[in-house]
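Student: I've just opened this one and I'm new to it. Can you walk me through it?

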Amino acid sequence: MAQRLATEYVNATLQMTEFQLNQFLLSADTSYISHRVKVLGGGEQEVVLEEVQGEEVHLSFERKGSMYICALSCRVVNPHLNNVVRKLFVTYKGTGTVNRIYKGFTMIYEYVQGSVRQISELTENGCKRIYQHKHTVAEMQRLFQADTIEREISELRGRVNLLLDRRSAASCNTDLMKIDGELQAAAVRLFQLEA
């Protein structure tokens, strides 16, 4: 199995309440990781997670109302530090790109609110999609119930039948030309809807 060399968080964001931020800070300290908090102007905070060997991750938290929004762009090499940042990102439903870098290839994970939406493999030969999120049950239900096109097709077919009946009964060339024009427009619209 390939060993991960580093993990990159690219333009990732997550949000939490002040209570959740304090809970995270309490759980972040381990025998390998320590933290310090820098209070900045406007209620902003910068949390620095530091591994015993010296690697650091700087997390900038901006306060918006009762929430703290964290912008996360960093590269983490140390496995202990990586584990803390990964738990933070997934627990607080982060959104953004996470690159897991291995020797010879990179796995690119696209997250939306803590769940993986797409996984791609990047090698020197190019990028290949490995996984893509499928519609949730609610989305599938909504799409299944959306039948506006089917109803319009049914109405158009009924209109075509009426026009054909009128055409059969028509004796005047003017009426026939008018009905043929309406039939042609209905045929074009049916073609568009069924395509």
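This is a predicted model: local features need pLDDT of at least 70, side-chain atom pairs count only at pLDDT 80 or more; totals for chains, interfaces and linings use all residues.

Student: Which residues have the most contacts inside the largest nonpolar core?

Tutor: That core has 31 residues. The ones with the most contacts inside it are Phe 24, Leu 49, Leu 59 and Leu 72.

Student: What does Leu 72 touch, leaving out residues up to four places away in sequence?

Tutor: Leu 72 is among the residues with the most contacts inside that core. Leaving out those sequence neighbours, its partners are Tyr 9, Val 10, Asn 11, Ala 12, Val 57, Leu 59, Val 85 and Phe 89.

Student: How many disulfides are there?

Tutor: Take Cys 70, which is buried at 0% relative accessibility. Its closest cysteine sulfur is in Cys 74, 8.7 Å away, and that's too far for a bond. A disulfide needs the two sulfur atoms within 2.5 Å. So the count comes to zero.

Student: Is Asn 78 buried or exposed?

Tutor: Asn 78 is found in the loop between β5 and α2. Its relative accessibility is 8%, and under 20% is the cut-off for buried. So Asn 78 counts as buried.

Student: Which side chain does the side chain of Asn 78 join in a polar contact of 3.2 Å?

Tutor: Not counting residues up to four places away in sequence, Asn 78 touches Glu 51, Gln 53 and Glu 55. The 3.2 Å polar contact between side chains joins Asn 78 to Glu 51.

Conventions: Residues are numbered from 1 along each chain as its sequence is written. Side-chain values use heavy atoms; hydrogens and water are left out. A nonpolar core is a set of buried Ala, Val, Leu, Ile, Met, Phe, Trp, Tyr and Cys residues joined through side-chain atoms within 4.5 Å. Buried means under 20% relative accessible area, exposed over 50%, partly exposed in between (1.4 Å probe, protein chains only). Contact means heavy atoms within 4.5 Å. Helices (H or I, at least four residues) and strands (E, at least two) are DSSP runs, numbered from the N terminus. A polar contact is a pair of N or O atoms within 3.5 Å; within protein, one must be able to donate a hydrogen and the other to accept it, and residues adjacent in sequence count only if both atoms are side-chain atoms.
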